[in-house]
Amino acid sequence: MIALSLAEIATVVGGQTYDIPDPQVRVTGPVVRDSREVEPGSLFAAFAGERVDGHDYAADVVAKGAVAVLATRPVGVPAIVVDDVKAALGALARHVVARLGATLVALTGSAGKTSTKDLIAQVLRSKAPTVFTPGSLNNEIGLPLTALSATDETQFLVLEMGARGIGHIRYLTDLTPPKVGLVLNVGTAHIGEFGGREQIAQAKGELVEALPADGTAILNADDPLVKAMASRTKAKVLFFGEAAEADIRAENVRLTENGRPSFSLHTPSGCSEVTLRLYGEHHVSNALAAAAVAHDLGMSVEEIALALSEAGTLSRWRMEVTERPDGVTIVNDAYNANPESMRAALRALVAMGGARRAEGGRTWAVLGQMAELGDDALAEHDAVGRLAVRLNVSKLVAVGGREASWLRLGAYNEGSWGEESVHVSDAQAAIDLLRSELRPGDVVLVKASRSVGLESVAQALLDDVQGGADAR
């Protein structure tokens, strides 16, 4: 964070100082909410959760070097006491962002936010110092913490914005007003909470409504609901996609033998070839979105293409591909799942397994529940099971309760699958099954909503092999 005195922070957040000998002492380290992340010069934000109360760690964090605690009550060590720590963090982030000279890039969408954010960050940091959202910390707590990690040297601040209702993104853009706003897509993630895709579009479009007249809205030309958001902004509009009218577009899209996408990147300033290190054709759209941001911020098409071709996966459990020494490949995409990302992951699995089929390799889809689909849950799980059959996935292992049974039933009804699909009760049952049946050349995709915890399946399969594995 840019250095601020405790007195200035107290004024910004409307707090009272307690047990602070010198209010002019400055916070020079990061603002954190996890006591394990405290560094000398930090400010520790104490949140009271259902199981853990950050206030209980006040003395420990100060002993580790924290300058003070942002708290809702005096804690016996230097503290700034406020009514609401979350609101105080937001106010502090708003103050810091206003003082930064950085260009703020914000993005949202139903699927692919984190992967695209990681691509944008890697492309922009090839040009200048860049701070970006770690993982998926895209809510009213994670976003200000990210913004507060920017320093005077930061030139680009890339923030992922999530939403679970109307007004959520409006709140986030008020804390951190973007100059560039990107909307990836409108899908069915959280549709049970929103009520429909039109409501999701309404919420996501709050991002472009927040842009200034001299800003840029970057919109997906291949998604009609996103494309229509052009009418909701006073900013300049750039379209990306494979549509002919897209300003930033991909042509001649193909997959390499191991499932990595390659394409010709076309921008208003020229074209260049890109081959991604990521897996799956769905990353073409993510890469185009990143290219549009970089183009708007002044990078040449050659610089963009090179940076995209060198970019890797930064966030855990998102198409993490690891080949075991025995020739089995594990694809850990277990961080989260919705119908759009499930379909993309299945297609990537089939592409990755294509070259291995001739040698007897099989593709395994180990899938679990997609949460928060509301009344669409049965139809969407059924459709994913059917798609696995249509794509000729070798084996489907549906893991968990009722929703998982719908995945297996969809596959059975589509292809009268017998031994090709199975429903197991939990992650351990899936692990036991796979341990008994995997053979060299097999590719295993593991994917479900975060609450299912299927990353344990992928980790167990990797831990089984002594001597490590080759992450690609």
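Select Arg-33 and Phe-47: Arg-33 lies over the face of the Phe-47 ring, 4.8 Å from the ring centre. A charge counts as over a ring if NZ of Lys or CZ of Arg is within 6 Å of the ring centre and within 35 degrees of the ring normal. The model is predicted, so local features need pLDDT of at least 70 and side-chain atom pairs pLDDT 80 or more, while totals for chains, interfaces and linings use all residues. Residues are numbered from 1 along each chain as its sequence is written, and side-chain values use heavy atoms, with hydrogens and water left out.

On a 1 Å grid over the protein atoms alone, a pocket is an open set of points with protein on both sides within 12 Å along at least five of seven lines; a cavity is a set where a 1.4 Å probe fits but cannot get out, and lining residues have an atom within 4 Å of a point. Points are joined across faces, edges and corners, and a volume is the space filled by probe spheres set on them.

Next, select Arg-318 and Tyr-335. The charged end of Arg-318 sits over the Tyr-335 ring, 3.8 Å from its centre. Arg-318 also lines the largest cavity, along with residues including Asp-118, Tyr-279, His-283 and Met-319. The volume of this cavity is about 90 Å³. Helix α4 (residues 113-125) gives the largest share of the lining, three residues. Helices (H or I, at least four residues) and strands (E, at least two) are DSSP runs numbered from the N terminus.

Now select strand β22 (residues 443-447), where five of five residues are buried, meaning under 20% relative accessible area with a 1.4 Å probe and protein chains only. Val-443, Leu-445 and Lys-447 point one way, and Val-444 and Val-446 the other.

Strand β18 (residues 329-332) runs parallel to β22 over four bridges, with Asn-332 partnered by Val-446. Strand β19 (residues 363-367) is also parallel to β22, over five bridges, and Trp-364 stands opposite Val-444. Pairing requires at least two DSSP bridges between two strands.

Last, select the open, mixed sheet of five strands, in the order β2-β7-β6-β5-β4. Its edges are β2 (16-18) and β4 (31-32). Three bridges join β2 to β7 (residues 79-81) in the antiparallel sense, and Tyr-18 has Ala-79 as its bridge partner.

Key
Buried < 20%, exposed > 50% of the residue type's maximum accessible area, 1.4 Å probe, protein only.
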